[in-house]
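Please examine the sequence and the structure shown here. The briefing that follows is arranged by topic.

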Amino acid sequence: MNPIKGYLFDLDGTMYAGTAPIQAAVDFVNRLEATGFPYLFVTNNASMTPEQVADKLVSMGVHVTPEHVLTSAMATARYIEKMTPGATIYMIGEDGLRLALEERGFHVTEEAKADYVVVGLDRHITYEKLAKGALAIRSGARFISTNGDIAIPTERGFLPGNGALTSVLTVTTEKDPFFIGKPEPVMVDIALEMIGLTKEEVVMVGDNYHTDILFGINGGIRTLHVNSGVHGPAFIQEQEKLPTYMVESLDEWTHA
Ligand SMILES: [Mg+2]
């Protein structure tokens with residue numbers, strides 16, 4: 001095996017559980033930060049800006065800056081930039097998505113006519129927003145969704161995720177979106193570009209088999225499962241494709 005030269009980390013269930021930090025992960029990332037070892041947080045969350053993600057981590061004791069954050073909103077903007085620079089975009093989403101698109105120079109329109117329709121989690125979604133998105137897709141816009149998460153964990157329990165909101169447009173237009181977030185492999189390439197490493201050199205660390213571990217497997221990089229979130233070791237062992245490594249917590253993990 002090649003020596004590890006960088007890490008990609010999931011957030012919820014890996015770095016923290018809701019509002020409580022997972023200390024082993026906090027300590028591990030702080031050790032990486034202290035030695036200048038490359039790493040990136042890779043999150044499906046498209047509603048937060050990298051600054052907001054970094055602020056949340058800092059409040060939990062992780063010494064991190066926004067340059068270490070890749071959200072699915074940022075990845076969506078970079079993906080469209082490669083496909084169609086200067087595209088006009090109709091978006092359903094929150095500030096994290098709008099800022100990510102505008103930062104890459106895209107024109108975000110209020111009209112139901114665009115080159116792309118992009119859907120990210122929007123907690124102020126309305127019928128009119130869905131109507132415009134549907135009309136734009138029917139008029140030929142490419143349909144992109146930041147992630148397919150069907151539910152998101154909150155203090156109130158599991159609430160509709162972006163995949164659930166996206167499904168309204170899928171059903172009504174009979175068009176399937178192109179998904180950017182984990183477990184799709186798009187963000188592997190973007191993450192590697194951002195930290196300047198190759199597939200052989202990085203490891204994806206996460207708690208969720210369906211998103212994090214499959215993201216790594218689909219993207220052709222090594223994976224490290226931590227037992228601090230949704231899936232335990234018994235569930236992992238039942239899967240056909242196993243993560244490369246498994247630990248109880250990052251306290252057990254020493255990297256080369
Ligand atoms: Mg997670």
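Glu94 is found in the loop between β6 (88-92) and α4 (95-103); helices (H or I, at least four residues) and strands (E, at least two) are DSSP runs, numbered from the N terminus. The model is predicted: local features need pLDDT of at least 70, side-chain atom pairs count only at pLDDT 80 or more, and totals for chains, interfaces and linings use all residues. Residues are numbered from 1 along each chain as its sequence is written, and side-chain values use heavy atoms, with hydrogens and water left out.

**Surroundings of Glu94**

- Glu94 has a relative accessible area of 14% and is therefore buried (buried means under 20% relative accessible area, exposed over 50%, partly exposed in between, with a 1.4 Å probe and protein chains only).
- Not counting residues up to four places away in sequence, Glu94 touches Ser47, Leu121, Asp122 and Arg123; contact means heavy atoms within 4.5 Å.
- A polar atom of the Glu94 side chain lies 2.7 Å from the backbone nitrogen of Arg123.
- From C-alpha to C-alpha, Glu94 and Ala73 are 9.8 Å apart in space, and they are 21 residues apart in sequence.

**The magnesium ion**

- Asp10 (OD), Asp12 (O) and Asp207 (OD) coordinate the magnesium ion at 2.0 to 2.1 Å; donors are N, O and S atoms within 2.8 Å of the metal (3.2 Å for Na, K and Ca), and sites may look incomplete because water is not among the atoms.
- Along the chain, the donors of the magnesium ion follow the spacing D-x1-D-x194-D.
- Asp12, in the loop between β1 (6-9) and β2 (16-17), and Asp207, in the loop between β13 (202-206) and α8 (209-219), are 195 residues apart, and the pair links distant parts of the chain.
- Asp12 is partly exposed, with a relative accessible area of 34%, whereas Asp207 counts as buried at 3% relative accessibility.

**Lys182**

- Lys182 lies in the loop between β12 (178-179) and α7 (186-195).
- Lys182 counts as buried because its relative accessibility is 3%.
- The side chains of Lys182 and Asp10 are joined by a polar contact of 2.9 Å (a pair of N or O atoms within 3.5 Å; within protein, one must be able to donate a hydrogen and the other to accept it, and residues adjacent in sequence count only if both atoms are side-chain atoms).
- Leaving aside neighbours within four places in sequence, the residues in contact with Lys182 include Asp149, Met204 and Phe215.
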